[in-house]
Amino acid sequence: MGPTARLIRLSTPSRIVPGLVKGRHLARRASSTSQNPNKEAPVAHHHRPPSHHHHHVTYSETDDAVPWLAKQPLHRLSLADLVKHGRPPLSAEALLSSARFTLSLLPIRLAHRIQALRNLPYIVVSNPNIRKIYNNYQHSLSTLLPWQGRTISNLEDEIRFTEVLAELVQTHTDTIPILARGFLECRKYISPGEVTRFLDQHLRARIGTRLVAEQHIALHYSSSPHFDPASSPTPCPETPGYIGVIDTALRPASTVDSCGSFVADICELNYGVRPEWFINGSPETTFAFVPTHLEYIITELLKNAFRATVENGQSKSPVEITIAPEPPSSVTTPITLSPPSVSLGAFNKDHIQPLDDNAPGVTIRIRDRGGGIGPEVLPHIWSYSFTTFSENEDDPPGAWSDDALSVISAASSGGSSIAGLGYGLPLSRAYAEYFGGGIKVQSLHGWGTDVYLRLKGVGRIE
């Protein structure tokens, strides 16, 4: 994959690229904003009218449903949930079961986000960018409400439901840069601490919402009734090791090398220097994880390490990446997924405890000689409003920076800069922690930084 393709994929994790929806069942309905990103999206119902047995949901009905749905408990999503329907190609019954599981989660998740946006100060929600995200959530909920209270019982229903999911994923593609722009414009009315708290919760919730939708879309396209992986609007590899968007034999060393080449290209463009890296430890390690999440995290961590190395005049000191698998526990029984030809969708969920400390995972250490993180910067590295990158000499580190606006715009149009929004680290941590992992940073000021990324897999899948 060339750097340009990788740029598109990495600027928004797992993004859906408009125009890929060319399948027999998913007509392309990307809004006009995909051609013209500056044009405000029409927020009122541009989805296909529901079939005759769905009633049309108005915005007032959506409004009424929010408080009730937002009181329902959120199901804590695990990697086990996402693979429980079995290895593709799924049988029609397993596919319907996956659709019903997806429908049981999404309306509640969307309502929780709408409620959280409503709880922001009114003047903040009135900002056009934040209002746009609010309208997007309202719209997506209005497309799901007609499905509530009825069972997805045949493949025609499942096809229509998958169309709704594809539109939902498309609608929320640029949520992060748009919210970022909105909060920067509202910085007089909301403190950086409040922004960090809101975004932390919001972006974690968004990870699960996108993942559960993308997983069903990928299972749809890789299953017998609709087999057409090339038409899937979300990543849908035909490799046998994949279950939907999860790679059951993901090799972190390969991800480090491909992301390293991409980040080194950006460095060369910006600085005229190409940092080097090497991998030690156990590079042959594999585990079950979401590749797009790992790509996002590794890219962000390497951007920081490479940038520090170059700016500290240490380009000749390669960044060292150590991969250490966690020993699989003798207690956990491997999960056996029967080959599809024998028994479609057979799978024993009870064998997996993905958030248990025994779930096999991997720790990756990224060590650089970039001079470490200054003590004045260290307390701010997990704040979403913080960026160390500022053209303006007068801005103190950690200040709201107007330059971040232009960086965000670049990020949303698929451009990339080696210095980021300051969203890279906290968002990477959100991805790592989502399934029970984490990121720890150890800085030796004046020398360099060690970043420890721990990821938990889904147990052994055989």
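Start with the largest nonpolar core, which has 108 residues. Select Phe183 and Leu453, the residues with the most contacts inside this core. Then select residues 92–118, helix α4, which gives the most to the core, with 14 residues. Keep in mind throughout that this is a predicted model.

**The whole chain**

Zoom out to show everything. The chain holds 13 helices and eight strands. Of its 462 residues, 54% count as buried. Colour the surface by element: the chain exposes about 19000 Å², and carbon and sulfur atoms supply 54% of that area.

**Helix α13**

Select residues 424–434, which form helix α13. How many of the residues of α13 are buried? Nine of the 11 are, and the helix is mostly covered. To see them, pick Gly424, Leu425, Pro426, Leu427, Ser428, Ala430, Tyr431, Ala432 and Tyr434.

Just after α13, stop at Gly436, where phi is positive, at about 95°.

**Helix α11 against α13**

Hide the rest of the cover and keep α11, residues 291–311, together with α13. Two packed helices are described by the angle between their axes and the distance between the axes. Here the axes come within 9 Å and cross at roughly 145°. The crossing of α11 past α13 is left-handed.

Show side chains where the two helices meet:

- On α11, select His293, Tyr296, Ile297, Glu300, Leu301 and Asn304.
- On α13, select Gly424, Leu425, Leu427, Ser428, Tyr431 and Ala432.

The residues of this contact divide into seven nonpolar, four polar and one charged.

**Glu320**

Last, go to strand β5, residues 319–325, and select Glu320. Is Glu320 buried or exposed? Glu320 is buried because its relative accessible area is 18%, and buried means under 20%.

Which residues does Glu320 touch, leaving aside those up to four places away in sequence? Display Phe278, Asn280, Arg365, Ile366 and Arg367 around Glu320 to see these contacts. To finish, draw a distance between the C-alpha atoms of Glu320 and Asp450: it reads 9.4 Å, although the two residues are 130 residues apart along the chain.

Methods. Residues are numbered from 1 along each chain as its sequence is written. This is a predicted model: local features need pLDDT of at least 70, side-chain atom pairs count only at pLDDT 80 or more; totals for chains, interfaces and linings use all residues. Side-chain values use heavy atoms; hydrogens and water are left out. A nonpolar core is a set of buried Ala, Val, Leu, Ile, Met, Phe, Trp, Tyr and Cys residues joined through side-chain atoms within 4.5 Å. Buried means under 20% relative accessible area, exposed over 50%, partly exposed in between (1.4 Å probe, protein chains only). Helices (H or I, at least four residues) and strands (E, at least two) are DSSP runs, numbered from the N terminus. Axes are lines fitted to C-alpha atoms, for helices over the stretch in contact, and angles run from 0 to 180 degrees between N-to-C directions. A crossing is left-handed if the near helix is turned anticlockwise from the far one by less than a right angle, and right-handed if clockwise. Contact means heavy atoms within 4.5 Å. Ala, Val, Leu, Ile, Met, Phe, Trp, Tyr, Cys and Pro count as nonpolar, Asp, Glu, Lys and Arg as charged, and the others, Gly among them, as polar. Accessible areas come from the Shrake-Rupley method with a 1.4 Å probe; for residues, only the protein chains shown count as cover.
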